[in-house]
Amino acid sequence: MTITEKQQELLDELDLFQDWTERYEYVIGLGKKLAPMDESLHTEDRLIKGCQSQVWLESTTEDGKMRYLADSDSVITKGMIALFVRILDNESPDDVLSADLSFIDKTGLKEHLAPTRANALTLMSAQMRKGALEASQ
Amino acid sequence: MNAFDPYTYRDDFPILAQSVHGKPLVYLDNAATSQKPLPVLNASRDYYEKLNSNIHRGVHHLAQAATAAHEAARETIARHLNATRPEEIIFTSGTTDSVNLVASSLGRSDRFVNGDEIIISGLEHHSNTVPWQMLCERLGITLKVIPVLDDGTLDLDAYQELLSDRTKLVAVNHVSNAFGTVNKVVQICSQAKKFGALTFIDGAQSLPHMSIDVQDVDCDFYAFSGHKVYGPTGIGILFGKHDLLCELPPWRGGGEMIKEVTFEKTTYNDPPFKFEAGTPNIEGGIALAAAIDYVNKVGLTHIASHESALIEKAAAMLAGLDEVAIYGPPDRTGAISFNFEGIHHYDLGTLLDQMGLALRTGHHCCQPLMARFGVSGTLRASFALYNTEQEIDALEAALKRALMMLR
């Protein structure tokens, strides 16, 4: 599945929910299903600066594909980063760099977020691209 | 039975009628800023419609009318604080500005020598911490901190131990913005005075909830912000004892604060003008006086008893929820701070917002206090005269729903 297809699939899933509580519960659930990130990886250099809650991101490459591990002390933030991981994990650095991540605006989640948290989404995607940029060089 | 009915006053606050995310707004973030009643909104508008003109020195009618209104506002605030004279009231942009004024002016005086100490408390807002820290760094003097006990009150035995002949200033808040703790400012000031120390009280969180008599507190300085007491943002007050204001040097230069200017030497105006360089927030001062009049019309005694009933109800409601930690002493004023085990305050605040409830999450500009309690932040509900018991019920329902989603 391409990144665009994965995005569409996610949007279709979110469309199933009418109620904001269900959307949030779904996103929180996605966060809970994220691959566990060992506490020893919760280090200062993996911390995404500028978020109100703590978010850690580890970018590595495996067989030419980007692999992302992420965690947060906030379950909503963790759910949000799970959206990105689902879209970008296991993709080539070039595909990550060229991906259009505006899908997040279509989820209807961003408008429910405080500006500080919406900003955190931008910081998260920027950090994931940064990992891809380093891998592609 | 509580004779005070908040519904009588809610119509005075147009903003409260709105919906948020399709739900009725429940505004419980009053410690951050309070909403403004119609008499305050009208005072702002009236000023620009009927009075707008630059104050002092103007010979024309509007300038004189605006000056009279501005100075009448000063008198209203002086009476409200029971200052001995209006000249003890300085208009600033807010509590933060008032702290910086005092810190900066003291820094230019000859009151400090090497080895001197300033005492603040562990309950302080960053506004009543950082300006003193900056002053200490600049002068090479020491900042001491009164520790906070587990119940969120100050350790006044430790305070007694901290006081010495080296203590030159004690700066504490009257009411803690984070926990609602009411500090024993009369005692704190009288103990400081025994060592000849000056006293500064941050009243940002006390003014909306209780009558303040600066002569009774017997502090040297008392500061507050207009916007937390139903007035506009960008206006605040510094009360200072008159003798002290005469003695201290100005901190900002400009128009209004001078007596005479030549290129060789400038002589300064008398207080309060010495500390009010530039065109002040004229409309803000007038609207703040309207807010003070409003509060007095409603009656601070009624407001205080209504709000403490709300806080008690909120505390009892919270205590009934699982795995809750409530901070601060039971006799709190204005605000109640809490957390739930394993739940990020930010997540809870986000979900409450979805249900129309405005609460504050985070460190409340009190990072050292949060560190003292080993948390990154709390959720805080804070109250005003227009809050209702039904809103506490709405908070309970919303918390239960949010906790179910997060657990």
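Strands here are DSSP runs of E with at least two residues, helices are runs of H or I with at least four residues, and both are numbered from the N terminus; two strands pair if DSSP finds at least two bridges between them. β7(B) also pairs in the parallel sense with strand β8 (residues 198-202) of chain B, over five bridges, and B:Asn173 stands opposite B:Asp202 in β8(B).

Strand β7 (residues 167-173) of chain B is mostly covered, since seven of its seven residues are buried. A residue is called buried if 20 or more other C-beta atoms lie within 10 Å of its own, exposed if 12 or fewer do, and partly exposed in between, with C-beta atoms placed from the backbone.

## Conventions of the model

Residues are numbered from 1 along each chain as its sequence is written, while chains are lettered from A and ligands numbered from 1 in the order in which they are written. Because the model is predicted, local features need pLDDT of at least 70 and side-chain atom pairs count only at pLDDT 80 or more, whereas totals for chains, interfaces and linings use all residues.

## An antiparallel sheet in chain B

Strands of a sheet pair through backbone hydrogen bonds, either parallel or antiparallel. In chain B, four strands form an open sheet with antiparallel pairing, in the order β13-β14-β17-β16. β13 (324-327) and β16 (360-362) of chain B stand at the edges with a single partner strand each, so one side of each is left without a neighbour in the sheet. Neighbouring strands of this sheet are turned by 30 degrees against each other on average, direction ignored.

Three bridges join β16(B) to the antiparallel strand β17 (residues 378-382) of chain B, where B:Thr378 is the bridge partner of B:Gly362. Helix α11 (residues 300-319) of chain B packs on the sheet and touches β13, β14 (335-340) and β17 of chain B, with a direction about 150 degrees from that of β13(B). Axes are lines fitted to C-alpha atoms, for helices over the stretch in contact, and angles run from 0 to 180 degrees between N-to-C directions; residues are in contact if their C-beta atoms, placed from the backbone, lie within 7 Å.

Chain B is assigned domain 1 (7-30 + 299-406) and domain 2 (40-296), with bounds from an automatic or database domain assignment. Their centres, taken over C-alpha atoms, are separated by 29 Å, and 22 residues of domain 1 of chain B are in contact with 23 residues of domain 2 of chain B. On the domain 1 side of this contact, α11(B) contributes the largest share, four residues.

B:Tyr222 and B:Ala291 touch the most other members of the largest nonpolar core, which has 140 residues; such a core is a set of buried Ala, Val, Leu, Ile, Met, Phe, Trp, Tyr and Cys residues joined through C-beta atoms within 7 Å. Helix α10 (residues 282-298) of chain B gives the most to this core, with 11 residues, and both domain 1 and domain 2 of chain B give residues to this core, so it lies between them.

Methods:
Two residues are in contact if their C-beta atoms, placed from the backbone, lie within 7 Å.
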